[in-house]
Amino acid sequence: GGWLLLQNCHLGLEFLNELMDTITTKESMSEDFRTWITTEAHTEFPINLLQSSIKFTNEPPQGVKAGLKRTYSAVTQDLLGVSKMQQWKPLLYAVAFLHTTVQERRKFGPLGWNIPYEFNQADFAASVQFVQNHLNDVGVRQGVNWSCVRYMLGEVQYGGRVTDDLDKALLNTYARVWFGEHMFSEEFCFYKGYAIPKGNTVEDYLQHIEQLPVIDTPEVFGLHPNADITYQTNLANETFSAIVNIQPKDSSARGGETREAVVQHLADEMLEKLPPDYNPHEVKTQLQKMGAFQPMNIFLRQEIDRMQLVISRVRTTLIDLKLAIDGTIIMSEELQDALDNIYDARIPKLWFRISWESTTLGFWFTELLERNQQFSSWLQDGRPSQFWMTGFFNPQGFLTAMRQETTRMNLAKGWELDSVVLYSEVTKMMKEDVVGPPPADIGGVYIHGLFLEGAGWDRRNSRLMESAPKVKIE
């Protein structure tokens, strides 16, 4: 009649089948017996055990209200009264708000953080402990050392996880704007409607938190309102993707054709359009003519090698998939994934792992042809006057190679690679206007294919502008 707790079962999947057999074959079992299992989501988790279980999930709270409510539900009255200094309770609330903010920004993806960080409750606990110790050290007369508080929060406690310079600047900005003597004034608020409450008990703070909006505008976190459009779009795409994934995968007919027939037809079309393989001997010969050890040509060789890998993988998968549909070879798990994804106009995992992101399989395959066209033209006709930079596997490598070449061209002027920095200028030319590379005395390259998100480009004045123009209505 006892309870059994098995933790992290995704690390011992083989035992779960044994567990299932033990439970199902047991002749007699106490009605009070329960088996609890904790696990991460795993594709190989026994489906029969999953279906026979009652499932619980512990999802992170969504929104400032839910985040603060969860944080203050764990705050005790003893913690609230641990310091007699008047700054303690507002500082505790501000740290809780900062903790909720850094977690909430993750849902906006790259708009929130350039790199996703796993901020957790330990960061909050360490920050609270630091603030408590600091107030105990400085005392009432000396007052809070705000430079120290900002540095510890922005650079150490939360900043210790951050590796990107712009992300670090963001954290330090939060610390600078939210933490200071000004935070104790009546007018202070993190954002309109998000002020620091006054109270002496945990219930006072929970009542204040209960009055906060359920849905927050991105401006609360310092983001443009359009960030919510991106978040909602991604959320909808994930939902539709999940719906597609759970659709039946049988060979039911659609418009008179089975799934296999539709995929076989698509495979024939893609094989017909797929570029031929690169000849290693021809590639080597052409690069030697252009200067095989020039940085840009070394970069081209690396890009061609990666493109050849994609072309080979696509060709092999499509040929094997056709043979599997015909029954000539066995349909493997990878081929089944390719069949399902091609039918749903999505990128098979085999291809995606070695290529690039795209919304649909059609766009992905079109980009494959366009990327290959840039490489083959560069190889056969010489260096182009302009480059489609977003069509490279490694754009950063392209910029590095360009920097190396420009430095070598100016060695007589005393240029050194470590001291050369990139300088970008948006020209007023369109792609069709470019007839040659930049002047030799200037160096560099012309690129295209970049895009702006949340802003537009004013060509006349050469500056950023709002993506949607302001309209005055009288």
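A: Let's begin with the cysteines. In this predicted model, there are zero disulfides. Cys148 is partly exposed, with a relative accessible area of 27%, and Cys189 is partly exposed too, at 31%.

Now for what does sit inside. In soluble globular proteins, nonpolar side chains tend to be buried together. Here the largest nonpolar core has 50 residues, and Tyr93, Phe179 and Phe190 have the most contacts inside it. The elements giving two or more residues to this core are helices H3, H5, H6, H7, H8, H9 and H10. The top contributor is H5, with 10 residues.

Zoom in on Tyr93. If you skip its neighbours within four places in sequence, Tyr93 still touches Leu68, Tyr72, Phe190, Ala195, Ile196, Pro197, Tyr205, His208, Ile209 and Leu212. Apart from this core lies another one, of 45 residues, including Ile311, Val314, Leu335 and Tyr343.

Finally, follow helix H16, residues 361-381. Its 21 residues reach 30 Å from first C-alpha to last, close to the 30 Å expected. Its buried residues include Leu361, Trp364, Phe365, Leu368 and Trp378, but also Glu367 and Arg371. The buried residues of H16 pack against helices H11, H12, H13, H14 and H15, plus strand E5. Just after H16 comes Gly382, with a positive phi of about 95°.

Definitions and conventions. Residues are numbered from 1 along each chain as its sequence is written. This is a predicted model: local features need pLDDT of at least 70, side-chain atom pairs count only at pLDDT 80 or more; totals for chains, interfaces and linings use all residues. Side-chain values use heavy atoms; hydrogens and water are left out. A nonpolar core is a set of buried Ala, Val, Leu, Ile, Met, Phe, Trp, Tyr and Cys residues joined through side-chain atoms within 4.5 Å. Buried means under 20% relative accessible area, exposed over 50%, partly exposed in between (1.4 Å probe, protein chains only). Helices (H or I, at least four residues) and strands (E, at least two) are DSSP runs, numbered from the N terminus. Contact means heavy atoms within 4.5 Å. The expected span of a helix is 1.5 Å times one less than its number of residues. A disulfide is a pair of cysteine sulfur atoms within 2.5 Å.
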